[in-house]
Amino acid sequence: MTRKARRCHECGIGKVKPLRVKGRYARYKTMPRLEIPKNVAIPTCDNCGAEWMDEEAAQALDKALDKAFRAELRSRAEKAIEALSKHVSQRRLEKLLGLSQGYLSKLRSGDRDPSAELVSQLAMLSKDPRRRIHELEAFWDDG
Amino acid sequence: MVACGKLFVQRTRALDFFSSPREALATVKEVLVGLELGSFAHSVKLTWDVADVYGVVIEEEGWYLKITVDEEEPELVVISFHPLERPLRTRGGVIEP
């Protein structure tokens, strides 16, 4: 059923209608600025551009952002692993991070979704791989 | 209205302060259901509507809430819901940012 357009309570003039457009961003979990996929319809005022959410729209946005978030985590993890692979073997890295053998391969092939925590660790290590891997090794060795 | 999900919330002035839209809506609902007279600050005349401003404290932080009722729909409209930028005087006292 198509519902009639609501009036915009921001400007009081425009009509709020679903709009699919590129270049919109939202905070989602750890990412303060994640691009909202173009195919997501957000009720938007045709006069002032204010964006509105009801439960249905929020649910659809949440689902789309979650998918985009997981894709972004995978992409960042892959970049970090790539940078780290020049300094440490994948198996050694898995051991240092307490991951099961083969986990990073599965992650790289898209079989696993990395957690934000793991991506944070990989990102921190990849900023200065040689020094930080050495520090991590020393930390675990320090019994 | 809130209990029935008759709620319309502005995204950039309310929902973007939370880690997900779902979490934001859940918090907005919780705050609306628990609103008390002491949280009321003042009313403001907008182009078309009259909105009520409230100050609430969430986890020791002051928040600004501006709502109105759309009688045509009918539904509760959350125009703003964000951390306070400056102290807000409510009936129950001053809420600090």
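Before the first residue, one cut-off: a residue is called buried when its relative accessible area is under 20%, exposed when that is over 50%, and partly exposed in between. Please also keep in mind that this is a predicted model.

With that cut-off, take A:Cys8. Its relative accessibility is 0%, so A:Cys8 counts as buried. The closest cysteine sulfur to that of A:Cys8 belongs to A:Cys45, at 3.7 Å. A disulfide requires the two sulfur atoms to be within 2.5 Å, so the separation of A:Cys8 and A:Cys45 is too far for a bond. A:Cys48 is not in a disulfide either, and the nearest cysteine sulfur to it is again in A:Cys45, 3.6 Å away. A:Cys48 is partly exposed, at 37% relative accessible area. Over all chains, the search of the whole structure returns 0 disulfides.

Two packed helices are described by the angle between their axes and the distance between the axes.

Is A:Ala58 buried or exposed? At 1% relative accessibility, A:Ala58 counts as buried. What does A:Ala58 touch, once neighbours within four places in sequence are left aside? The contacts of A:Ala58 are A:Met53, B:Pro21 and B:Leu25. A:Ala58 and A:Arg24 are 34 residues apart along the chain, and their C-alpha atoms are separated by 15 Å.

The second pair is helix 4, residues 116–127, with helix 5 of chain A. Here the axes come within 5 Å and cross at roughly 120°, and the two helices are therefore oblique to each other. Helix 4 of chain A contributes A:Met124, A:Leu125, A:Ser126 and A:Lys127, which meet A:Pro129, A:Arg132, A:Ile133 and A:Leu136 of helix 5. The residues of this contact between helix 4 and helix 5 of chain A divide into 5 nonpolar, 1 polar and 2 charged.

Helix 2 of chain A passes helix 5 in a left-handed crossing. The residues in contact are A:Arg92, A:Leu96 and A:Leu97 on the helix 2 side, and A:Ile133, A:Leu136, A:Glu137 and A:Trp140 on the helix 5 side. In this contact of helix 2 with helix 5 of chain A there are 5 nonpolar and 2 charged residues, and no polar ones.

One residue of helix 5 of chain A to pick out is A:Glu137. A:Glu137 is partly exposed, with a relative accessible area of 23%. Beyond its neighbours within four places in sequence, A:Glu137 is in contact with A:Arg92 and A:Leu96. A:Asp111 is 26 residues from A:Glu137 in sequence, and 28 Å away from C-alpha to C-alpha.

Finally, the backbone. A:Lys29 has phi near 50°, a positive value in a residue other than glycine. A:Lys29 sits in the loop between strand 3 (25–28) and strand 4 (31–35) of chain A, and is partly exposed at 41% relative accessible area.

In chain B, phi of B:Glu59 is near 45°, again positive in a residue other than glycine. B:Glu59 is in the loop between strand 3 (50–58) and strand 4 of chain B, and is exposed at 77% relative accessible area.

Last, the peptide bond from B:Glu73 to B:Pro74 is cis, with omega near -10°. B:Pro74 is in the loop between strand 4 (61–70) and strand 5 (75–83) of chain B.

Technical notes
Residues numbered from 1 in each chain as written. Chains lettered and ligands numbered in written order. Predicted model: local features only at pLDDT ≥ 70, side-chain atom pairs only at ≥ 80, totals over all residues. Heavy atoms only, no water. Left-handed = near helix turned anticlockwise from the far one by under 90°. Helix = DSSP H or I, 4+ residues; strand = E, 2+ residues; numbered from the N terminus. Contact = heavy atoms within 4.5 Å. Nonpolar A, V, L, I, M, F, W, Y, C, P; charged D, E, K, R; others polar. Buried < 20%, exposed > 50% of the residue type's maximum accessible area, 1.4 Å probe, protein only. Axes fitted to C-alpha atoms, helices over the stretch in contact; angles between N-to-C directions. Parallel < 35°, antiparallel > 145°, perpendicular 65-115°, else oblique.
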